[in-house]
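Subject: A structure for you to look through

Hi,

Here is the structure I promised to pass on. Please open it beside this email, and then read on for what turned up.

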Amino acid sequence: MTLPIEDHTFGFEGGHTHYIAAGPENGPLIILIHGWIAVAETWKPQIIALSSLGFRVVAPDTRGYGGSTVTNDVRDYRLERHVADMLALLEHLGREQAVWIGHDWGCGLVSSFASHYPEKCVAVSCMTVPYRTVELGMDALVATVDRNIYPVDEFPLGQWDYIAFHIDSPKRSAATLDRDPRNTIKNLYRKSSAAQYGKVGWTASLRKVGGWWGSADSAPEVDIKNTMLENEPEIYEKLCDTIKNNGTQGPNAYYLNHDVNYKYSQNLPNEGVLTMPVLFIGAKWDQVCDSSVSGLSEQMRKFCTSLTEVEIDAGHWVAFDKPCETNAAIVKWLVTKVQAYWPGY
């Protein structure tokens, strides 16, 4: 049985958050935090699967996306502000704790939240972006680059060059992504392939070629059949709408706060060591957040005392690309590592 997905918005000091939810209101709470560029609805496969098991599953649009707060102040997208939004969501839901699951930049938010408020986390899971990476800033990411794939003289920042493009050319970055929302989304959500494994990613050369798609002012045409959205028209429209209605200046600003995010990541409880169960789901074919052959996961392994790692043959959008495998990994982890949180336990 598929439970209905509810639509909610609430206000708090500093903004408002739109979220979708499913499952019994008194069920154990799981909160899903999306990344760049995504919306709450991209978690649909996980919302359906987990709510049907008796969990209360909530997926917000994070700041800058969908129906949530959008501002023009870059500092409004720093991790400290996001953590405050997550605390407000938890308070609004009337809960003290949750299992928090993030993808991409959502991992940065979940990791930062868990490190500052471990008492509010029953367990945490990160998909594609390990703990102790993006929340520590650009230098921490570059330090993990596999120099066999990205020689330092040719690719000084490795696959993270696209972040420098955001920083160096924020107006051009946003303008190119905003000009044709439909093709931007189709390009970002192209189908993945095993042929990408261990190869140089396109994000390593953005500044060299002049932009997201070279000198082009907008994303090129892509057939929807070549994307993961081919059979998900409602999600595709939601993704297009977040760019059309809000632009990408806010989402891109997540990349513009490395300095303050690094400062925020210092002086953590338990020196940043996470003792709650942690699940990391890596995407083997992900050329940007490569945890298969690079050193991206090394710090996570040092700072998580109850870590489970799973690698799925998928591209960056692992939960959307391979939903059955992703859901199976989450459920197995919940059963084996977070057993007392299971509905009806």
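One definition first: axes are lines fitted to C-alpha atoms, for helices over the stretch in contact, and angles run from 0 to 180 degrees between N-to-C directions. Helices (H or I, at least four residues) and strands (E, at least two) are DSSP runs, numbered from the N terminus.

Please keep in mind that this is a predicted model, in which local features need pLDDT of at least 70 and side-chain atom pairs count only at pLDDT 80 or more, while totals for chains, interfaces and linings use all residues. Residues are numbered from 1 along each chain as its sequence is written, and side-chain values use heavy atoms, with hydrogens and water left out.

**The sheet**

Eight strands make up an open sheet with mixed pairing, in the order β1-β2-β4-β3-β5-β6-β7-β8. Two strands pair if DSSP finds at least two bridges between them. At the edges are β1 (6-12) and β8, each pairing on one side only. On average, neighbouring strands of this sheet are turned by 20° against each other, direction ignored. Strand β3 (residues 29-33) runs parallel to strand β4 (residues 56-60), with three bridges between them, and Leu29 stands opposite Arg56 in β4.

**Strand β7**

Is β7 buried or exposed? Six of its six residues are buried, so β7 is largely enclosed by the rest of the structure; buried means under 20% relative accessible area, exposed over 50%, and partly exposed in between (1.4 Å probe, protein chains only). Val278, Phe280 and Gly282 cover one side, and Leu279, Ile281 and Ala283 the other.

β7 has parallel partners: four bridges join it to strand β6 (residues 121-127), and six join it to strand β8 (residues 307-312). Ser125 stands opposite Leu279, while Gly282 has Glu311 as its bridge partner in β8.

**Helices that pack together**

Two packed helices are described by the angle between their axes and the distance between the axes. Helix α5 (residues 161-168) packs against helix α6 (residues 170-179) at about 105°, and their axes are 5 Å apart. The two are therefore roughly perpendicular to each other (angles under 35 degrees count as roughly parallel, over 145 as roughly antiparallel, 65 to 115 as roughly perpendicular and the rest as oblique). Phe165, His166, Ile167 and Asp168 of α5 meet Pro170, Arg172 and Ser173 of α6, where contact means heavy atoms within 4.5 Å.

For helix α2 (residues 79-92) and α3, the axes come within 9 Å and cross at roughly 75°, which makes α2 roughly perpendicular to α3. Among the residues in this contact are His82 and Met86 of α2 and Trp105 and Phe113 of α3.

His82, in helix α2, is buried, with a relative accessible area of 2%. Leaving aside neighbours within four places in sequence, His82 is in contact with Arg63, Tyr77, Leu109 and Tyr254.

Asp104 lies in the loop between β5 (98-103) and α3 (105-116). Its phi is near 55°, a positive value in a residue other than glycine, and Asp104 is buried, with a relative accessible area of 7%. Asn270 also has a positive phi, of about 55°, although it is not a glycine; look for Asn270 in the loop between α11 (258-264) and β7 (278-283).

Happy exploring!
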